[in-house]
Amino acid sequence: MSAVQPRFQHTGIAFGCDYNPEQWSPEVWDEDIRLMSEAGVDLVAINIFGWSHLEPRAGEFEFGALADIIERLHRAGIRINLGTGTASAPAWLVRRHPEILPMAEDGTRRYQGGRQAWCPSSPEFRSAALRLVREVAERFGDHPALALWHVSNELGCHNALCFCPNSDAAFRYWLRRRYGNIGALNAAWGTAFWSQTYQEWSEIDTPRLTVSTRNPGQMLDFRRFSSDELLAHYRSEAEVIRSYSDAPITTNFMLTSHIDGLDYWSWADDMDVIANDHYLDHRLSDPTVELAFAADLTRGISGNEPWLLMEHSVGAVNWQPINLAKAAGQMTRNSLTHVARGADAVCFFQWRASVQGSEKYHSAMLPHAGTNAASWREVCELGEIVGSLSEVAGTRVESEVALVFSWEAWWATEEESRPSHALGYLDQVHAAYGALYALGLTVDVVAPDADFTRYKLVVAPGLHLVREQHARSLTDWVFAGGTALITFYSGTVDEDDRVWAGGYGGPFREALGVHVEEFAPVAAGTVLRLSTGATARLWSERSTATTARVEATFIDGPARDAPAITSNAWGAGQAWYLSTLLDHSDYTDLLATVSGAAGVHSAVPFRGGEGQLELVRRRGEAHSYVFIINHADAAATVEVSGLEMITGVNVQNQWQVPAGAVRVVREALA
Ligand code: GLA
């Protein structure tokens, strides 16, 4: 098999879906395939939950139905994104090996009957899963319709953290490799506190529930371990596939609002192509902004290479407290946001709406109502739009701004004991990103160890845990002439969750020119007023400027008279610090000032649609493509010239994008 990493290759932007033919009879399959062709579907994910069909009894394999559906799709010219089928263990396997079932933090088991009921460290699960993968890969590994391998499904969606005895043993093994000796572990976890010192590795367990708060160092390492365990599972399936197939291999990530189980920065190198599942989360204040953030983060994980939107929804999902339908045109805007931000595939969960099972009220490309539905017509129109944007595939997104994102900082910020439980990491990230979005700026979301040289502005919101070398590379980049905005609670602890003493902000302190003495979070509902007239919430700090210039002070609250916003000349650059959570319009004003000073511009000039207009440029070899997505109720004016690819009209200079519309302008490169 090939030594070079296979690439996902497709003509144009792929348009597709998850398909669960197991739920339907062969007559329905034929109708499905006919309608898929009508909608323009050319990539279908199958066999995601296939195990109990493929191996109904231990070691007895039945591949007839899967082979049949693959041939039917192939004959229709539809390519296959082939699941390994291991996402959910069949009942017989769990009966034979009940220790496969995951254990919750309170020591109780979770049972068969839902999905993903397996412990990531279970040797029995692993060997049974790999036996199935071998059978699947051997049969279909060189099938001409095979476009992509889809390992398991959303690894860690429900079982990211397991506290069973198998996990205990695997955690100890992982810790021995990390620390080498128990003294190093005791030092890292600060076990001198509360008489927690360990003498033997065998004394250590996964952090099951305690009567008090748990050891934060142990919790943090458990999160790292748990991410690594699932990555190890991915690798083991991929290794088996690789001995039978040259097709690219991936799994669908969950870069979507609340899911925090896996440190995807450490997963990226193992994927032949990055794929993501994204669902609008209506529990958030602005789900559309979060969608754009998630797409930019996916591109970041992909190192600015094109990536695949493996799942999103046509309309409502079934798993939020109130599952909102999408408005007319919203599904198209959502899909094109992903494409604008680097996706080379637009796929949905799922093709045909189920009539049974937990997800029967989840929207689908083909709804319960059938083809006589506005959502079906919009799906078909979207298929045409995606087809008309074929030449965009393979191009790269341009950005002058980076936002630093870290799972380790997320995990450490949200540990059980913290200055304010109202402080959430993702909220801080979304607030900063939302202000940049409101300015129409394109943002690359990058890892703390990123190379910042291609950017004009770097924003690091709430980067609570930071490794010294990563903080240094950011401040060195500022020193060389960059502009950074760092926000409160950043640089508070090192990689072991140990506080940088001597003034909060630790490794950022000198570059920021601020001495932070004490955190002063405020009660819910408290509004803090700043000397500039801006308002803020959540947090303040008792600090003094050492070398920084004070841009705003608190005029009330527990940090009255202390600086709220500062800027510091650091070498040839500028380091800004924000020690509170500004309200959205004031945050946007601050970022307008900071980005203006850094010389950052939106992809094209615009007027109207403020705060609800997305402007992103993807650059190819002969052309670049400007995406304009207008979420506002009114038309917006943009300044860009070229062929508008959705309407087929030539546009020039200043022209209007109607309310709710998506436009893509092809510009000639000089
Ligand atoms: C995830 C899963 C799918 C389905 C959808 C529903 O993305 O991968 O199998 O459950 O959620 O939103």
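In this predicted model, the axes of helix α6 (residues 165–179) and helix α8 (residues 216–242) come within 10 Å of each other and cross at roughly 105 degrees. Helices here (H or I, at least four residues) and strands (E, at least two) are DSSP runs numbered from the N terminus, while axes are lines fitted to C-alpha atoms, for helices over the stretch in contact, with angles that run from 0 to 180 degrees between N-to-C directions. α6 and α8 are therefore roughly perpendicular to each other, given that angles under 35 degrees count as roughly parallel, over 145 as roughly antiparallel, 65 to 115 as roughly perpendicular and the rest as oblique. On the α6 side the contact (heavy atoms within 4.5 Å) is made by residues including Phe171, Trp174 and Arg178, and on the α8 side by residues including Phe222, Phe225 and Asp228. By class, this contact of α6 with α8 has seven nonpolar, two polar and five charged residues, where Ala, Val, Leu, Ile, Met, Phe, Trp, Tyr, Cys and Pro count as nonpolar, Asp, Glu, Lys and Arg as charged, and the others, Gly among them, as polar.

| Helix pair | Axes come within | Crossing angle |
|---|---|---|
| α6 and α8 | 10 Å | roughly 105 degrees |

Residues are numbered from 1 along each chain as its sequence is written. Because the model is predicted, local features need pLDDT of at least 70 and side-chain atom pairs count only at pLDDT 80 or more, whereas totals for chains, interfaces and linings use all residues, and side-chain values use heavy atoms, with hydrogens and water left out.

An automatic or database domain assignment supplies the domain bounds, and the protein is divided into domain 1 (1–41 + 274–394), domain 2 (401–598) and domain 3 (606–668). The C-alpha centres of domain 2 and domain 3 lie 33 Å apart, and five residues of domain 2 are in contact with seven residues of domain 3.

The model has seven cavities of 30 Å³ or more; on a 1 Å grid over the protein atoms alone, a cavity is a set of points where a 1.4 Å probe fits but cannot get out, and lining residues have an atom within 4 Å of a point. The largest cavity has a volume of about 80 Å³, a volume being the space filled by probe spheres set on the points. Of the 14 residues that line the largest cavity, Leu255, Thr256, Ser257, Phe293 and Leu297 are the closest to its centre. The largest share of this lining, four residues, comes from α9, and the lining draws at least three residues from each of domain 1 and domain 2. The second largest cavity holds about 60 Å³ of space, and the residues that line it include Leu280, His282 and Lys326.

Two backbone features remain. The peptide bond from Phe349 to Gln350 is cis, with omega near -10 degrees, and Gln350 is found in the loop between β9 (343–348) and α11. Asn47, in the loop between β2 (43–46) and α2 (51–54), has a positive phi of about 65 degrees although it is not a glycine.

Technical notes
1 Å grid on protein atoms, 1.4 Å probe; cavity = no way out; pocket = protein on both sides within 12 Å on 5 of 7 lines; lining within 4 Å.
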